[in-house]
Amino acid sequence: MLRRTAASVHDYRLTAQSILPRTLFEYVDGGALDESTLARNTADFEEIYIRQKVLRGEKVDPAGPVLGHIASFPVALAPIGSLGMLYPQGEILAFQAAHAAGIGACLSSFSVCSIEEVMPEVGDGDAFQLYVLKDPGRTEEILARATAAGFRNLVITVDTTHPGMRDRDLRNGYRSAARPSLSMLLDCAMHPRWFARSWRSLGRGLGNFAHWDGVGSGLIAQAAYMSRQLKTDLTWSDIEAVVKRWPGRVVVKGVTDPEDVARAIGIGADGVVVSNHGGRQLDGVMSSIAALPVIASRYSGEVEILFDSGIRRGSHLLKALALGADGCLLGRSYAYGLAAAGADGVIAVLEMLRKELTMSMSLAGVTSVEDIKKRHMACVSLREARPNVSALVGFS
Ligand code: FNR
């Protein structure tokens, strides 16, 4: 239970920080190298002002389509690895919370609960996320299991041909150690709320791969092993082969350059996620929100344009929609909620963001997602003091 009423995603972040062992909190919270892209992802939203039109007197409905289905507001849960370590059965709880809130979710292939454990508990398989592995046989095994499980969307992540270099993880020994170190064990013991709920699942690893030769046992060893299995020489033709093989919709996640969006469209993708992986991969790449407008102005209507990285407020959702996103994925925002209070925490975060979006829309004088899209850039303006950002996001 939370000690005080949480008023924002930031409050859930602080609660997660107090409950989780430091290694786990920093795994969730951290970004690549100097974390400059991580910081800009959220900070750049503050360079964009919402244009307010008062006294419109109309009812606001934030529902909108995401990943091929109407959501109660235009978001879905992004794939996040190892959720089951933040809270036992974390992947199942996150899906159930998403469905209770009327939105969809995407299961990470690096989940603690396997595809076969999650699907019977959640009913609806909105999306599964794939990392293409060096071994084509193993990639095919995962694809076959995801197909058999009935996921409608396949989200192929393309910005992780090398695992992100994260100083915080390095310092904590996460992914470099073969087994939990003494300091990790002490860290766990010093967080009794987390330990009391999690000790039974401490032996668990990455459920989808636990039966593979060489993978080792436990999360630390398996995460280290699997990060070495990512296909480092991945190309667009590899992605095209997966698009041809998958029976449902395919979304390419992790593009920030318009030329890459053109390539994704060229190989038959149904959607893209404009994303820099929450600042966890290439530090120094531009914020996702700065990358979005040029992509949307060129390719809107040709492909579903989803957006993630840096969303912590409902007003951020409004800004992303106004800059051309068809829908958004939430990352750390819901992970903090899960770590703080399980499914209740995820539902509370979703409810909070939905309310913030609805209020922002109402106060700004827009009534629906369609309305935001129609008025597009007329919904927002940039702080004049930032001509460099103006150039980046295509404002004159
Ligand atoms: C991620 N992300 C991610 N993406 C993916 O495609 N597969 C994965 O397994 C993971 N794992 C993962 C773990 C953690 C701890 C985080 C924080 C993120 C990236 C995720 O899907 C999304 O792109 C970002 O989280 C969006 O940024 P924000 O909203 O967290 O700022």
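**Second pocket.** I started with the second largest pocket, which holds about 350 Å³ of space. I'm working from a predicted model, where local features need pLDDT of at least 70, side-chain atom pairs count only at pLDDT 80 or more, and totals for chains, interfaces and linings use all residues. Residues are numbered from 1 along each chain as its sequence is written, and side-chain values use heavy atoms, with hydrogens and water left out.

My pocket rule: on a 1 Å grid over the protein atoms alone, a pocket is an open set of points where a 1.4 Å probe fits, with protein on both sides within 12 Å along at least five of seven lines; lining residues have an atom within 4 Å of a point. Volume is the space filled by probe spheres set on the points, joined across faces, edges and corners.

I found 22 lining residues here, with Pro180, Cys188, Trp194, Leu202 and Ile220 nearest the centre.

**Largest pocket.** I noted about 440 Å³ for this one. Its lining has 24 residues, and Val158, Asp159, Thr161, Gly254 and Leu282 lie nearest the centre. Helix H12 (236–245) and strand S8 (249–255) are the elements giving two or more residues to that lining.

**Cysteines.** I looked for disulfides (cysteine sulfur pairs within 2.5 Å) and got zero. Cysteine 188 can't pair because its sulfur is 18 Å from the closest cysteine sulfur, in cysteine 113.

Terms used. Helices (H or I, at least four residues) and strands (E, at least two) are DSSP runs, numbered from the N terminus.
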